[in-house]
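Student: I've got this one open on my screen and would like to go through how it packs. Can we take it piece by piece?

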Amino acid sequence: MGSTLAGWLQVFALVGALALCYRPLGDYIAELLTSAKHLRAERGVYRLIGVDGDADQRWPVYLRSVLAFSAVSVLFLYGLIRLQGHLLLSLGVPRMEGHQAWNTAISFVANTNWQSYGGESAMGHLVQMAGLAVQNFVSAAVGIAVVAALVRGFTRNRTDRVGNFWVDLTRISLRLLLPISIVFALVLAANGVIQNFRGFHEVTTLAGEVQKIPGGPVASQEVIKLLGTNGGGFFNANSAHPFENPTGFTNLVEVFLILLIPFALPRAFGRMVGDDRQGYAIVAVMGLFWAASTALMTLAESQHSGTALQAAGAAMEGKEQRFGIAASSLFAASTTLTSTGAVNSFHDSYTPFGGGLAVFDMMLGEIAPGGVGSGLYGMLVLAIVAVFVAGLMVGRTPEYLGKKLGGREMKFASLYILTTPTIVLVGTGVAMALPGERAGMLNSGAHGFSEVLYAFTSASNNNGSAFGGITVNTDWYDTALGLAMIFGRLLPIVFVLALAGSLAQQQPVPATPGTLPTHKPLFVGLLSGVILIVVGLTYFPALALGPIAEGLSS
């Protein structure tokens, strides 16, 4: 079987599996987020933390709950990392330095999972399980909880209540993320992903050298790192490591896990607002961007430029032989279009346009389909902007799902859209202006600039992948990227919840002949165009200085 045919078969199998899961999983999530029934285990959690599970919160209270939970999580994880040398199952690994521990704690709480360290050499088993894996669950649950609050803003009327954060967090963790993780951890373990509590095992290589092979509870952490669009790897090589991703089958399963919940959430959105067609429109836009990115990235890596690459017949530098061009490109497009950040190949070794597409995918705001929760609420904010633009064209007050979009709503949407680009461009500009930080680049010229741009784009969009080729374990980069991650995570959540509260307070307006139908192909095209225009106008100058300049000069 040729590599091209194999690549197409993988894509068809993946799309078929996602299509089969779209309706049942989306319906289940909608039921989970709207049900008034609490499980016995959930009631126990509510009693433990002193929460009334039947009491809804106003959006400022919901926001304070998110911020308080995030702050406590950062402090707990920071302390765990700093004390790991004194903990069980530390494997003799010493504690991290303060600036790197702070960066790591922020990273995992913000669902970014940026790693400025080698996983197997810097973390003991207890910290991996009780610290990093736990945050993989709850940070993903926070994203879904926030989008649930936004959807309630559309469905509720004349109220200041958008749900209960603690109820949402508990239900999503126990009823959604945990069951799926258990099932697919067994699938991964059965297909070669390791799961044990062993430390380092010394072996003698064919060259006669002694090498330490690490063990650990990898399968259980691997599944939630992907399902929750987290991305932090147990090993430094991430999903390129054979202990994390041993075969072509596990690679396809891992891509499926990355896309499973983000592509099912639009169905849950349609069910919650009472119109399945709204979900189909959103998922159509997501699918168009994902398909285009996957095809273009595969093309960029296959139609390579340069004498050496043409002679070799493939741009295989930095890619695993067992995956090849097609599976590597599929994984790269899926992980950068979501907020996952896991990698099965080295993005720094991609062709200029292939690497540029990875950066552009993140610059889209990771909305196609995006991270769990964050992708859908980002897409809904852009849908609000698209409806507003359409309203300006015909000279009428825009409406979306029966709610008027006035000045207050558009201010929140505009602030959401401007926040992340500001963090990305300011951070990149400051890094390039400091001689000491420029010295940390291992490459010069356009590629060196692309490495810095990629780092801040990844951190600010809570992706976590890296181009590499840049020394980021320094006081300045740990601090700057840590700030980019926490502001890039929490500031958009502030605006989303404020928008949810504003929408929930409105009285719905009936549809009229002049109301824009937001479930038809016309709206799909309009929303796609708005996304491209907003991203293009914002980031094109930076892209022109980096990957575009490098690609045109190669």
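This is a predicted model: local features need pLDDT of at least 70, side-chain atom pairs count only at pLDDT 80 or more; totals for chains, interfaces and linings use all residues.

Student: Is Glu222 buried or exposed?

Tutor: Its relative accessible area comes out at 1%. The cut-off for buried is under 20%. So Glu222 is buried.

Student: Then which residues does Glu222 touch, leaving aside neighbours within four places in sequence?

Tutor: Two glutamates are on the list, Glu244 and Glu254. Counting the others as well, Glu222 is in contact with Leu188, Ser239, Glu244 and Glu254.

Student: What about Ser528, buried or exposed?

Tutor: Ser528 lies in helix α19, which covers residues 521-553. Beyond residues up to four places away in sequence, Ser528 touches Val285, Leu288 and Phe289. With a relative accessibility of 12%, against a cut-off of under 20%, Ser528 counts as buried.

Student: How many nonpolar residues does the contact of α14 with α18 have?

Tutor: From α14 come Tyr377, Val381 and Ile384, and from α18 come Ile493, Val496 and Leu499. No polar and no charged residues take part, and the nonpolar count is 6.

Student: And α17 with α18: parallel or oblique?

Tutor: Helix α17, residues 445-460, packs against α18 with the axes 7 Å apart and an angle of about 40°. Roughly parallel would need under 35 degrees. The two helices are therefore oblique.

Student: How many polar residues are in the contact of α17 with α18?

Tutor: On the α17 side you'll find Ser460 among others, and on the α18 side Gly488 is one of the residues. Gly is counted with the polar class. The contact divides into 10 nonpolar, no charged and, for the polar ones, 2.

Student: Last one: in the largest nonpolar core, which residues have the most contacts?

Tutor: That core has 127 residues. Ile261 is in contact with Leu25, Ile29, Ile144, Leu176, Leu177, Leu227 and Val372, leaving aside neighbours within four places in sequence. The residues with the most contacts inside the core are Leu176, Leu177, Ile261, Tyr400 and Leu527.

Key:
Residues are numbered from 1 along each chain as its sequence is written. Side-chain values use heavy atoms; hydrogens and water are left out. A nonpolar core is a set of buried Ala, Val, Leu, Ile, Met, Phe, Trp, Tyr and Cys residues joined through side-chain atoms within 4.5 Å. Buried means under 20% relative accessible area, exposed over 50%, partly exposed in between (1.4 Å probe, protein chains only). Contact means heavy atoms within 4.5 Å. Helices (H or I, at least four residues) and strands (E, at least two) are DSSP runs, numbered from the N terminus. Axes are lines fitted to C-alpha atoms, for helices over the stretch in contact, and angles run from 0 to 180 degrees between N-to-C directions. Angles under 35 degrees count as roughly parallel, over 145 as roughly antiparallel, 65 to 115 as roughly perpendicular and the rest as oblique.
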